[in-house]
Amino acid sequence: MSLSIGIVGLPNVGKSTLFNALTRAQNAQAANYPFCTIEPNKAVVPVPDSRLDALAALVSPQKVTPATVEFTDIAGLVKGASQGEGLGNKFLANIRETQAILHVVRCFVDDDVVHVHGAIDPLEDVNVIETELILADAQALENRMDRLRKQAKAGKEHQARLACAERLLAHLMEGKPAASLPERDQDAFVELYDEMRPITDKPVIYCANVSEDQLAEPGPLVAALAGHAQARDARMVVVSARMEEELAALSDEERAEFLTSYGVESSGLDQVIRTGYQVLGLVSYFTAGPKEVRAWTIHDGDKAPRAAAVIHTDFERGFIRAEVISYGDYVTHKTEAACRSAGVLRQEGKEYVVKDGDVVHFLFNV
């Protein structure tokens with residue numbers, strides 16, 4: 001299991017520049033004109049985690065494998081995309097498969113970079129994108145309605161599904177995202193959402209794209225977007241795509257010095273990934289041995305058998321117990337043997353909830 005994030009926004013707001021920087025791969029063309037990205041760009045990048053590096057330094061394994069994040073960048077959306085304007089919404093199916101949305105919003109002023117609407121207005125830009133995503137969900141649901149109506153003639157179960165679809169469609173046509181439907185948590189709606197995967201049901205991270213000098217003093221454009229994010233109970237990050245592009249070419253040591261010079265504690269990649277983990281309720285545990293030290297992504301609250309399943313489903317099916325060392329204890333005692341001698345290696349059963357940073361060895365039998 002890995003985190004997957006879809007990147008959306010108007011054309012020419014810095015989406016592709018940010019994608020290139022976050023993934024440290026220049027495989028998303030970036031240019032100063034709308035619709036530069038005409039095919040969806042995808043990249044899988046490692047999750048920066050100093051704990052993994054510390055464990056690797058202690059264990060000296062043959063291989064170190066970090067957790068990963070998949071980023072998907074699609075063509076910029078414009079007003080009327082759901083009716084075919086611009087490049088339309090032909091690439092939204094790629095976003096529908098992701099777990100979270102990174103909504104990039106232009107919050108910088110630069111006369112040399114054109115704006116598709118001619119003026120910088122973060123709230124209007126957000127409204128355009130959110131409206132198009134709602135209309136895309138409505139269109140996808142309308143395309144299912146004929147099939148649902150035919151199925152409804154077969155029995156009450158299908159009639160309930162149709163009623164849910166009609167309720168959701170009415171909600172979307174009121175200009176409201178799928179996530180805000182009051183009945184969202186009812187079983188019948190959960191089934192519909194699982195099948196349909198509405199884009200507007202996904203957690204949104206607003207990304208204010210600013211100039212380098214705005215990182216220290218963001219200004220009113222960022223403040224306006226922050227107010228919107230707060231009203232939507234959503235998270236926001238402030239990133240300079242241009243600076244991130246410069247960071248991508250630096251070594252780790254140079255990158256740290258560069259960030260310090262701008263008074264920034266962490267890179268855009270770190271902020272986006274950390275926020276993505278938080279909004280989706282994800283954590284990482286580790287396995288450590290001479291062959292490999294590896295990070296595994298699970299949901300916060302997963303019990304040991306479910307956590308084991310991300311390694312292999314046989315681990316869950318034949319789970320016996322887990323040997324667990326907290327990250328802090330492992331770093332203190334430096335080896336598994338020393339942890340065992342110190343009594344900090346614990347034997348845990350099926351009800352154990354795996355914690356962020358646990359170093360785990362699973363015993364199983366199938």
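**Strand β2.** I looked at β2, residues 41–46, and found Asn41, Ala43 and Val45 on its covered face, with Lys42, Val44 and Pro46 on the uncovered one. Strands here are DSSP runs of E with at least two residues, helices are runs of H or I with at least four, and both are numbered from the N terminus. The model is predicted: local features need pLDDT of at least 70 and side-chain atom pairs pLDDT 80 or more, while totals for chains, interfaces and linings use all residues. Residues are numbered from 1 along each chain as its sequence is written, and side-chain values use heavy atoms, without hydrogens or water.

I then checked the partner: β2 and β4 (residues 68–73) run antiparallel and are joined by six bridges (strands pair if DSSP finds at least two bridges between them). Val69 of β4 stands opposite Val45.

**Arg106.** I located Arg106 in strand β5, residues 100–106. Arg106 has a relative accessible area of 1%, so I list Arg106 as buried (buried is under 20%, exposed over 50%, partly exposed in between, with a 1.4 Å probe and protein chains only).

**Helix α9.** In α9, residues 252–261, I found Arg255, Phe258 and Leu259 buried. They lie on the same side of α9 because they cover an arc of only 95 degrees around the axis (taken from the directions from the helix axis to the C-beta atoms). Glu253, Glu257, Thr260 and Ser261 are exposed on the other side. After α9 comes Gly263, with a positive phi near 70 degrees.
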